[in-house]
Amino acid sequence: MGSESTLKLPVIDFSNLDQKVHTPEWDLVRTQVLEALQYNTIQSFPERLSELDQIVRRMILESLDLEKYLEEHMGSTNYLLRVMKYKGTQTSETKLVLTAHTDKIIVTILYQNQVEGLEVETKDGEWINVKPSPDSFIVMIGDSLLAWTNGRLHSPNHRVMMTGDEARYSTGLFSIRKAGYIIEAPKELVDEEHPLLFKPFDHVQFLGYYYTEAGQKAKSALRNYCGI
Ligand SMILES: O=C(O)CCC(=O)C(=O)O
Ligand SMILES: [Fe+2]
């Protein structure tokens, strides 16, 4: 995204306020507060992230020569925005605060404060420690897209490990298939060399399975649910 589209949170200085209302300082800060609230940060943040999600997915479809599915893809998407807080562990030992999992969605976009903790597993089983940066997002593929691409893309295992007192905040935008949309790899991605890996499935029903005891215990809930 170009510099014009850079997201900037309004920053307001409250330090010159005393407790008296209707001083010029009070009126100035009140105007700034109202402007900031109208700035609609919480609304524009997911909007901008959903643009990024769509750019990434467009690039994936282009690289697979499957642009003809673009409209169907975008049209069958809902978005979920989740804000997460992980309390500091109050110890110098590193603790697992979010167990290893793959996301079940299409694409995940994460943004976080400066406290480290996210780790992503490579295909070879090595854990990479993600270094947070205020200028970047973490983009991961979820199981829905892995299944749709018939395994061409990888949805990585990830977890959160923390140590120390500081709280970690992260925000995730998750693109999700609408209920009733059947996820099925397109015929262009299935051939002798690439046999179909997953039976067609509905994302919401798959989630229902994922949250059962069997789904939670499975090494890959997707493979258990609809693997061929
Ligand atoms: O907080 C994070 O960085 C990861 C969150 C996550 O993996 C999830 O919500 O699925
Ligand atoms: Fe996740």
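Asp65 is found in the loop between H2 and H3, where helices (H or I, at least four residues) and strands (E, at least two) are DSSP runs numbered from the N terminus. Although Asp65 is not a glycine, it has a positive phi of about 65°. At 63% relative accessibility, Asp65 counts as exposed; here buried means under 20% relative accessible area, exposed over 50%, and partly exposed in between, with a 1.4 Å probe and protein chains only. Gln90, likewise not a glycine, has a positive phi of about 60°. Gln90 occurs in the loop between strand S1 (77–86) and strand S2 (95–101), and Gln90 is exposed, with a relative accessible area of 56%.

The structure is a predicted model, in which local features need pLDDT of at least 70 and side-chain atom pairs count only at pLDDT 80 or more, whereas totals for chains, interfaces and linings use all residues. Residues are numbered from 1 along each chain as its sequence is written, chains are lettered from A and ligands numbered from 1 in the order in which they are written, and side-chain values use heavy atoms, with hydrogens and water left out.

The secondary structure of the protein chain comprises seven helices and 10 strands. The C-alpha atoms fill a box of roughly 75 × 45 × 30 Å, taken along the principal axes. Of the 228 residues of the chain, 39% count as buried. Among contacts (heavy atoms within 4.5 Å) between residues at least 6 apart in sequence, 75% join residues at least 24 apart. In the segment before helix H1 (24–38) lies Ser15, which counts as exposed at 57% relative accessibility.

When neighbours within four places in sequence are left aside, Phe201 is in contact with Ala147, Tyr181, Ile182, Ile183, Phe206, Leu222, Tyr225 and Cys226. In soluble globular proteins, nonpolar side chains tend to be buried together.

A search of the whole structure finds nine salt bridges, each being a side-chain nitrogen of Lys or Arg within 4 Å of a carboxyl oxygen of Asp or Glu. In one of them, Lys68 pairs with Glu188, the closest N and O atoms being 2.7 Å apart. This pair links distant parts of the chain, 120 residues apart: Lys68 is in the loop between helix H2 (41–63) and helix H3 (70–75), and Glu188 in the loop between strand S9 (182–183) and strand S10 (201–202). Lys68 counts as exposed at 60% relative accessibility, while Glu188 is partly exposed at 32%. Lys68, Lys187 and Glu188 are linked in a network of salt bridges.

Glu116 forms a salt bridge with Lys131, with the closest N and O atoms 3.4 Å apart. Glu116 lies in the loop between strand S3 (107–112) and strand S4 (118–121) and Lys131 in the loop between strand S5 (127–129) and strand S6 (138–141), so the pair ties together parts that are 15 residues apart in sequence. The relative accessible area of Glu116 is 34%, which makes this residue partly exposed, whereas Lys131, at 58%, counts as exposed. A further salt bridge joins Arg159 to Glu119, the closest N and O atoms being 2.8 Å apart. Because Arg159 lies in strand S7 (residues 158–162) and Glu119 in strand S4, the pair ties together parts that are 40 residues apart in sequence. Both Arg159 and Glu119 are buried.

The largest pocket is lined by 47 residues, of which His101, Thr102, Asp103, Lys104 and Asn157 lie nearest its centre. On a 1 Å grid over the protein atoms alone, a pocket is an open set of points where a 1.4 Å probe fits, with protein on both sides within 12 Å along at least five of seven lines, and lining residues have an atom within 4 Å of a point.
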